[in-house]
Each structure stands twice: as structure tokens, then as C-alpha cells.
Amino acid sequence: MITNDATLLRVKHEVLHQVAKLAFDGKLDSEKEQLPYKMIPGPQAQFRCCIYKEREIIRQRINLAEGKCPDGSKGGNIIQVISAACEGCPISRYVVTDNCRKCMGKACQHACKFGAISMGRDRAYIDPSKCKECGLCAKSCPYNAIADLVRPCKRNCPVDAMKMDENGICRIDEEKCIQCGACIHSCPFGAIGSKTHIVDVINDIKDGKKVVAMLAPATEGQFGSDITMASWKRALKEVGFSGMIEVGLGGDMTASAEAAEWAEAYKEGKKMTTSCCPAFVNMIKKHFPEVLDNMSSTISPMCAVSRMVKAQDSDAVTVFIGPCIAKKSEAQDHGITGNADYVLTFGEIRAILKAKNVQLEPEENSTQEASVFGKRFGNGGGVTAAVVQSLKETGENTDIKVMTCSGAAECKKALTLLKMGKLQDDFVEGMICQGGCVGGPSRHKGEIEAKKARDGLIAEADDRTICDNLSNYDMDSFSMHR
């Protein structure tokens, strides 16, 4: 579920915009303390019970925008709970509804092992301080009068990483969290966010460093049929980026390297998984470590392009832009050398553009650095299609069976089968987001909504092959493996 509350999005994006603007003006340190008062002048509250809570939420969001935890500390998870916002969420999971008949059998009260249920004047009552959320009361009620109110963040987390403390405030179990971001846009209170690299990127641009933008394959179609890669290249240069590279090129690189791995594994009878979705990689590492050896050692398209750029100029700063939250955790994975320095979501780069009064303008679709297969890397099944194409171009066997997983549930099923030795397919393509990267948590438009524009833009690309495209680059200047 994606929450599209206009007020929530307005507050979130305005904080990003204001922080970006202050950072460009060199006034962030001196004026950020006044920003909550500027945004929430009062005396009337705009979206919460009082202006004081609203200002505290703004303060915590400013900290996130600076790459810190909401309380101002450093370190920890990329995804963080904004406690001041989470306090508004209902605490009790099980609630007695008007359907309660206060029956003589008192099945709910007898079923509770913790003495949490008492009988009021009109209905049963559940004491949240005693309730252990076991659900026995709801199962026993003959009238189905007890509702199970699972919090949206907890319901949408695919790995049960959302926990509640003694005060009912959400806490993220970092040992379980795969950084997929599913919780962020499912919370109707906007109480979960991710740290951003906005200030770091702006400071590097202002310092005159060579900052290279790397635009995700999922970008095409997200902003309409007339916003092309050339549109992005012009806008990003206006902001101060040194250049822009289409990460679809990295898709070609990853497909070629992974095809070689697949061909070798197939001959050995070894089953393998893809490794380009960072949330899928996190799922394997944290929840299915038994199959870690089955994961491809090929780096992601983002890392491939970053290594290529750094091989040409070791001082270059690489910034990935796309709809993915988990990419931020990949960028911080110090075990992957040469990876992207920073990651920005579409919302974050739009805040930077807005801060510099730069608009994305229609441009001729003349910029192409990837094959169609690399461009389709962001679609569910796109990785498999690209790898099979690369196998075909190199004369390898393409008669392989691949389980393409769209969404966390399918990924967990495939990994469970692999772990138990019951996977019938030869390989697994794992994409945690439904539909692939185009369904990422920080997408600008939904997969279906953007499909027509995306298909139209990609249809205008030339028919270069993966091998032909990579022949234009020095692939020996950097490694394609972890």
C-alpha cells in the first residue's frame, strides 16, 4: 500500500526543498533552527494536534535530510522512525468493536491468559498495558467483535522488522531490516523516513568536485513521454553536476558479467540468484545466509557505472538517482569498493532542482548509452531478459529456466525452495519491489501509470546489442565482481 496524502507529501518535500536551498546558500548551519518556525508559524496547527508537535516533526525531518538520525545522532539504519510523528498512531492492536454483545459466555475473557479483558457496561474492554497481542480473544469471539488493527508499517514489512516499544512507538529491528522502504510510504502518519545525502551532494558540487550523476534505468517514463535522458542531462548540468550517465549501460555490464557466471554455474549444475537488487541481497544476507554462496558475485549496474567513472578519474564523486531506498544501504556497504558515493531518490533530486530553480524541460530523445535490454533492467524480468540476450550473443546455451520474482513474497518463496534444495528452476531473479525497480518505493509515478510513456521512450532507442555497446568501453579497467 502506498499512502498518497497530499499534506504528508507536501511537508516531506518542503523540508527537503528548504534544506537544499539553505545548503546551496551556505546558511544551513545558521538558519536550520529557525526553519520549523518558518514552516509552522502558528498559532493554528496545520496537520497535528498542536504547533509544538508539528515543529518537532519538522526538526526530526531536518535531521534526516542532513543524513542523521531523527534525534540528531549519527550511524544506524538508513530507514528511521520519526518518533514525534509515530506517537499519533493507535497503540492497541486488538480493539473491541460495537459488534460486542457482552455475551454471557465471555469467551474472549476466558481465552485471555494475561487478564487483559474486563467487562464494561456495554461491551468487553481490552487493557492495552496487559495485552500481549496473542490474538486468542479475537479467535474465540463468536461475533467477530474484536478487530485486529495491524499497523500499516508492520503489515507491509516483508521481514517482520517493525517492533513496538513499551510506549507503542515503532522500532526497527536492524538485524532484520532489508532497507526496502516498504514501510515508509505505507505509514499514513509519515512517521518513517530515510536519511538523505542531499547536503553531502550539494557541498561537493559547491566545492567544485567532479560530481557525476548516474540515472537509474527506471527513470524513463516516470516524468512523462517528453522528459528524456537528454532532459535530465541538461537539468543536472544546470544544477552543477559535471555530467550524467545512463545506468542502463551498467545494466548491459551486469548482464554480460552475470551471463558468464550463469553459463559456468549451469554447466556445474549449481543454482544461482541475481545480485542487482540491494534489498534482495540484504534479504539473502540477513534471512537466508545458507544460500549466500548461490548468489551471483556480479556487482549491480549502479556499482558498475561508478567503478567505470572512478577508473577514469579516481577523484570523481558518483551519485545514483532513482526510485530505490535500498540503494542507499548498498552505497554504504564498505565491502563493495568503488560503489556509488551517494544515492538520491527522485523526490530528493527534485528538491535540489527546485532549490536552484531548475525545471525538467522536454528535450529530443537523443541520448542513449544503453541497449534496450539495459534500459529494461528496471522492469520485472528485465534482468533475466538481458542475461539471456547476452548468453545468446556469446553463443552460450540459453535453454535455462529462471524463476522471476516480483515482490518480497515471491522472493522469500524462491529462497526457501533454494534453501531446502527443492528449487526446480536453474536461476532466480529477485526483485523485492512489485514490478521491479519501476515499482520502487520512491517512484514518481506508478508502474502502470508510467508504462505508456516508458514504452514509448524505449521504443525510440536503437537496436544496438549488449556486446556491441560494451565494445565502446574499457571493461578491463575495473572489476565486475564483489
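Biologist: How are the residues numbered, and what does a predicted model require of its features?
Modeller: Residues are numbered from 1 along each chain as its sequence is written. In this predicted model local features need pLDDT of at least 70 and side-chain atom pairs count only at pLDDT 80 or more, while totals for chains, interfaces and linings use all residues, and side-chain values use heavy atoms, with hydrogens and water left out.

Biologist: What makes a region a pocket, and what is the volume of the largest pocket?
Modeller: On a 1 Å grid over the protein atoms alone, a pocket is an open set of points with protein on both sides within 12 Å along at least five of seven lines, whereas a cavity is a set where a 1.4 Å probe fits but cannot get out. Grid points are joined across faces, edges and corners, and a volume is the space filled by probe spheres set on the points; for the largest pocket that volume is about 830 Å³.

Biologist: Which residues line the largest pocket, and which elements do they come from?
Modeller: Lining residues have an atom within 4 Å of a point, and the largest pocket has 39 of them, with His-13, Phe-346, Gly-347, Glu-348 and Arg-350 nearest its centre. Two or more lining residues come from each of α1 (6–25), α4 (51–65), β8 (192–194) and α15 (346–355), where helices (H or I, at least four residues) and strands (E, at least two) are DSSP runs numbered from the N terminus. The largest contribution to this lining, eight residues, is that of α1.

Biologist: Why is Lys-113 called exposed?
Modeller: Exposed means over 50% relative accessible area, buried under 20%, and partly exposed in between (1.4 Å probe, protein chains only); Lys-113 has 67%, so Lys-113 counts as exposed. Lys-113 sits in the loop between α6 (107–111) and β3 (117–119).

Biologist: Why is Asp-160 called partly exposed?
Modeller: Asp-160 has a relative accessible area of 35%, and therefore counts as partly exposed, and Lys-154, at 25%, is partly exposed as well.

Biologist: Why does the pair of Lys-210 and Asp-313 tie together parts that are 103 residues apart in sequence?
Modeller: Lys-210 and Asp-313 form a salt bridge, their closest N and O atoms being 3.9 Å apart. The pair ties together parts 103 residues apart in sequence because Lys-210 lies in the loop between α9 (198–206) and β9 (211–215), and Asp-313 in the loop between α13 (301–312) and β12 (317–322).

Biologist: What makes Arg-376 and Asp-455 a salt bridge, and where do they lie?
Modeller: Their closest N and O atoms are 2.9 Å apart, in keeping with the salt-bridge rule. Arg-376 lies in the loop between α16 (372–375) and α17 (382–393) and Asp-455 in helix α19 (residues 447–459), so the pair ties together parts 79 residues apart in sequence.

Biologist: What is the nearest side chain of opposite charge to Arg-48, which is buried yet has no salt bridge?
Modeller: That side chain is Glu-87, 6.9 Å away, where Lys and Arg count as positive and Asp and Glu as negative, with His and the chain ends not counted.

Definitions and conventions:
A salt bridge is a side-chain nitrogen of Lys or Arg within 4 Å of a carboxyl oxygen of Asp or Glu.
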